[in-house]
Amino acid sequence: MFANDLIKEALDAGLVAIPSDPHALTKMINDASPDSKAFPTTMAAYELGKRLYFDPRLSKSGIISCNTCHNLGLGGTDGVPASTGHKWTPNPHHVNAPTVYNSVFNAVQFWDGRAEHLMAQAAGPITAAPEMAATPELVVNRLKSIPAYVAEFKKAFNSEINFDLVTTAIGIFERTLVTPSRFDKFLEGDKNALNEAEKKGLKMFIDKGCASCHNGVNLGGTLQPFEVAGKYEFANVGDFKGDANGMVKAPTLRNVELTAPYYHNGAIWSLSDAVKAMGSIQLGIEINDAEAASIVTFLNSLTGTMPKVEYPMFPASTDKTSKPELDY
Ligand code: HEC
Ligand code: HEC
């Protein structure tokens, strides 16, 4: 009885399952990927995108890949407060790397929502000076100097290598990084997929008002007002202040157990503290230790099944491949 009511309550609160049906899942991913009609998820594009995601030669130094800061073994993050890129440079705004898992389902990308989808997003870090510090020319020339990459682009896109296709391929790989969990089974009607403590936590999550911002398939991923009810204690760490209207992307809560430290500047290490701070900053309520523990028990049920990603081997550089520039 309780479980049936709770499923209804969760659905009414706007929580959405990652579908277990593969066709429904494919449709959901494609609907969230505006480039999926022109660039469908084919095996060849997936393999190429995966290789590029892991290949550090896309960076000026030759040592930084997407996986450096979005480590697929670490919940899709780097586990440090502010991401560190080229020449050991911390992110200039001191922002934390969000997870790439399920990022395809975010309505907007980046903490201030400045990119709409993954393909638009990927150009940013490759060329950002404090991240991979490359230029589109450097990336294209490096890849063109490697015959196996020339052949792979031809096979995946029937095209020569260009920078847009580099970011497109990486975005196609990222589409596949979705992590269904027991919570999804529960929402789909499997009453025993969550245990009693997790169900209590879910109820608490809804009753406290968390789902008013953390909703949809990602329990987040949309721009929301920040500091609605109170100040963020660590607001002065870094200079990030949200978008022009002070709005901040509510992070997905999927796999949040794996993605400490928390908040845009990674200033909070404990998930329980992160939940309690949400109470005072966003809801104007005090969440006590027991309530926070209950919500965290629910949040831990959002840790999903990670897709199997086989670490790729990279084709050899040639005499024509530009040398790493470490800028010591
Ligand atoms: C030096 C560390 C670093 C590297 C390398 C890096 N990123 Fe990021 N990534 C970040 C940070 C920090 C943010 C948040 C930036 C912001 O919001 O201003 C981010 C944001 C993102 C987001 C948005 C997710 C969200 O929820 O908003 C995606 C997707 C992403 N990166 C994918 C990539 C891909 C693909 C690559 C490789 C081409 C890459 N990143 C390379 C640090 C990095
Ligand atoms: C008014 C909208 C809103 C409400 C209500 C809200 N949140 Fe948030 N939440 C956000 C935003 C926006 C952020 C990002 C804040 C930042 O980092 O600047 C966030 C961040 C978080 C984080 C940190 C995640 C990470 O990866 O860094 C957690 C955990 C969290 N919220 C859980 C909750 C819980 C639990 C509740 C209910 C007690 C709740 N939130 C209520 C909007 C909201």
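Analyst: Helices (H or I, at least four residues) and strands (E, at least two) are DSSP runs, numbered from the N terminus. This is a predicted model, in which local features need pLDDT of at least 70, side-chain atom pairs count only at pLDDT 80 or more, and totals for chains, interfaces and linings use all residues. Residues are numbered from 1 along each chain as its sequence is written, chains are lettered from A and ligands numbered from 1 in the order in which they are written, and side-chain values use heavy atoms, with hydrogens and water left out.

User: Which elements each supply at least two residues of the shell around ligand 2?

Analyst: Strand S4 (247–249) and helix H11 (271–283) do; H11 gives the most, with five residues.

User: What makes His214 and Met278 ligands of the iron atom of ligand 2?

Analyst: Donors are N, O and S atoms within 2.8 Å of the metal (3.2 Å for Na, K and Ca); water is not among the atoms, so sites may look incomplete. His214 (NE2) and Met278 (SD) coordinate the iron at 2.1 to 2.3 Å. His214 lies in the loop between helix H10 (196–208) and strand S3 (223–225), and Met278 in helix H11, 64 residues apart.

User: Why is the arrangement around the iron atom of ligand 2 called octahedral?

Analyst: Six donors count as octahedral if opposite donors are over 155 degrees apart and all others between 65 and 115. The six donor atoms here subtend angles of 85 to 179 degrees, and the arrangement is therefore octahedral.

Methods:
Four donors count as tetrahedral if all angles lie between 85 and 135 degrees; four count as square planar and six as octahedral if opposite donors are over 155 degrees apart and all others between 65 and 115; anything else is irregular.
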